Amino acid sequence: MVLLQLDPFLNELTSMFEKSKDKGSVWVTLKRSSLKSKLQKRKLSSAGESIEYRCLIRATDAKKTISTSVGAKDHLRFQASYATILKAHMTALKKRERKDRKKSTEAEKKEGTSTTTSKPTKKL
């Protein structure tokens, strides 16, 4: 896993989406983190100091994993940039056909054998 600054992370994320446009997936996870160990957190809390939490963002395409940490000051800029990247790559989110032949042949049989007859309705 590679911890990047915000702008290089967004550039790498864009390239991940570009590479997975035809085949593959990109997973993005967001998590609250202080980037400190439990021992360090206990020391800070016992000393009465506040712990600054950040948002840890990880992205992976099963071959490469990248991550970044976003503070409270930069979160609006990150959200705007992330939304722009997602909007630009919405075409890759189209639903792909399943290759389950057994279900498709069963559906074709049902469509082919079922005939519907409509009864005339009486008007009063």
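**Figure 1. F78 and Y82 are four residues apart in helix 3, and so are separated by about one helical turn.** Helices here are DSSP runs of H or I of at least four residues, strands are runs of E of at least two, and both are numbered from the N terminus. The model is predicted: local features need pLDDT of at least 70 and side-chain atom pairs pLDDT 80 or more, whereas totals for chains, interfaces and linings use all residues. Residues are numbered from 1 along each chain as its sequence is written, and side-chain values use heavy atoms, with hydrogens and water left out. Rings of Phe, Tyr and Trp (its six-membered ring) pair if their centres lie within 6.5 Å; planes under 30 degrees apart count as stacked, over 60 as edge-to-face and the rest as tilted. The count by this rule is one aromatic pair. The ring centres of F78 and Y82 are 5.6 Å apart and the planes lie at 10 degrees, so this pair is stacked. With a relative accessible area of 4%, F78 is buried; Y82, at 19%, is buried too. Buried means under 20% relative accessible area, exposed over 50%, and partly exposed in between (1.4 Å probe, protein chains only).

**Figure 2. Helix 1 (residues 6-19) crosses helix 3 (residues 75-88) at roughly 15 degrees, with the axes coming within 10 Å.** Axes are lines fitted to C-alpha atoms, for helices over the stretch in contact, and angles run from 0 to 180 degrees between N-to-C directions. Helix 1 and helix 3 are therefore roughly parallel to each other (angles under 35 degrees; over 145 is roughly antiparallel, 65 to 115 roughly perpendicular and the rest oblique). On the helix 1 side, the contact (heavy atoms within 4.5 Å) is made by L6, D7, F9, L10, L13, T14 and F17. Helix 3 contributes R77, F78, S81, Y82, I85 and L86. By class, the contact has nine nonpolar, two polar and two charged residues (Ala, Val, Leu, Ile, Met, Phe, Trp, Tyr, Cys and Pro count as nonpolar, Asp, Glu, Lys and Arg as charged, and the others, Gly among them, as polar).

**Figure 3. A62 lies in the loop between strand 3 (54-60) and strand 4 (65-70).** Phi of A62 is near 75 degrees, a positive value in a residue other than glycine. Most residues other than glycine have a negative phi. A62 counts as exposed, at 64% relative accessibility.

**Figure 4. The protein has four helices and four strands.** From the N terminus on, the elements run β-α-β-α-β-β-α-α. Of the 124 residues, 20% count as buried.
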